[in-house]
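We'll begin with a sheet and its helices, then move on to the ligand.

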Amino acid sequence: MLMTDQHPHNKHLMVALLGKPNAGKSTLANQLLGFDLSIVSSKPQTTRNHFQAVFVVDRTEIVLVDTPGAHSSNQEINIRMTGQAQFGAEGVDLNLLLVDLNNDPLQDVIDFKKAFDRELSKTWVLFTKQDRANKTEEEMDELFAKIKELIPSVERYIPISAKTGDNIHILTGALVDEAKPGPHFYPQGDVSNKNMRFFASEYIREQAFKILKDELPYELAVVVDDYQDPMTTKDGKEFDCKISATILVNRPSQRAIVVGSKGSVIKQIGTNARKKIEAMVGARTHLNLHVKVSPKWFKNNYVLDELGLPRTNKSNRVWRQK
Ligand SMILES: Nc1nc2c(ncn2[C@@H]2O[C@H](COP(=O)(O)OP(=O)(O)OP(=O)(O)O)[C@@H](O)[C@H]2O)c(=O)[nH]1
Ligand SMILES: [Mg+2]
């Protein structure tokens, strides 16, 4: 879009959402957006790829970069997920570092800093899950002072609850004030740099996270094999959205769990995911799901590339090519 196409009062701000796994980054992205674009679960390491989510308020385009939680690990997939957080934060105007006020917030910041392993440019701290924590203002001031010793580029803190919406208007107002005059990058109505094919795989994985217990979700990935947009031809013939996807698991026993008795589990995953996809594309959707055993897929370079997780400078030296 050309600058001349745009309103002279347009403003823009690009913001990375950073923090440890489970800090509430994706919940906050959805709360700011006003709908559930990013997948959320009670388990850590839900988000695996960085992606942009866009909203406009008062002629200000705010591009949020949701990122996977940064965490230290020798496992190749985790190294690449932390790499996604690092890539996601490159070139942004502002970082929002989400710190869960429950548990041990200072230790969480120490862990994040070690795993993220990059200088942070301009950063605000968001103390999250305020609805569950009962910290006084003095306690938060003290905590912030200690965080500033660790990360000198932090400028301020805002306590929020992404779940109840507490102080979200204060955050939105502060982001609008922070934005600089300039053109919007996204055409009106666009909400992300990722397409529906990406979100289809996310919504299938989200349901798998919700329905399956314990460790299984970490050893599961979703690849969309075929995605056909819904369309209406010139003579008025309507075609539904058609998606074919494969759920990858590590072991044959996991395949049996994902399929379930007489296919009951995979059917439930498919039905729930389809409803969310239909709401997003606004058309009837046919979702065809398969389960495939792909031993150690989370170490396989080819599969990780396919999942949008490229190697990083910390990647293990030995990896499998197709
Ligand atoms: N009580 C409360 N729970 C929250 C809040 N924000 C997020 N949660 C919960 O915290 C859990 C993790 O939320 P996510 O948004 O998936 O966290 P994340 O930082 O994106 O996690 P990863 O993608 O794994 O890095 C979910 O169960 C959320 O419902 C909050 O403000 N209050
Ligand atoms: Mg997330």
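Start with helix α7, residues 252–259: it lies across β8, β11 and β12, and it runs at about 155° to β12. Keep in mind that what you're looking at is a predicted model.

Now for the strands under that helix. There are 3 of them, forming an open sheet in the order β8-β11-β12, with mixed pairing. At the edges you'll find β8 (220–228) and β12 (285–293), each of which pairs on one side only. Going from one strand to the next, the twist averages 20°.

Zoom in on β8 and its partner β11, which covers residues 241–249: the two run antiparallel and are joined by 8 bridges.

Next, the ligand. Which residues come nearest to ligand 1? There are 21 residues around it, and Lys-25, Thr-27, Gln-45, Thr-46 and Asp-131 are the ones that come nearest.

The backbone gets involved too. A polar backbone atom of Asn-22 sits 2.9 Å from an oxygen atom of ligand 1. For Gly-24, the distance from a polar backbone atom to a ligand 1 oxygen is 2.8 Å, and for Ser-26 the corresponding backbone-to-oxygen distance is 3.0 Å. As for cover, ligand 1 on its own has 650 Å² of accessible area, and the protein covers 93% of that.

Conventions. Residues numbered from 1 in each chain as written. Chains lettered and ligands numbered in written order. Predicted model: local features only at pLDDT ≥ 70, side-chain atom pairs only at ≥ 80, totals over all residues. Heavy atoms only, no water. Pairing = 2+ DSSP bridges. Helix = DSSP H or I, 4+ residues; strand = E, 2+ residues; numbered from the N terminus. Axes fitted to C-alpha atoms, helices over the stretch in contact; angles between N-to-C directions. Contact = heavy atoms within 4.5 Å. Near = heavy atom within 4 Å. Polar contact = N/O pair within 3.5 Å; in protein donor to acceptor, adjacent residues only side chain to side chain. Areas by Shrake-Rupley, 256 points an atom, 1.4 Å probe, with all protein chains shown as cover.
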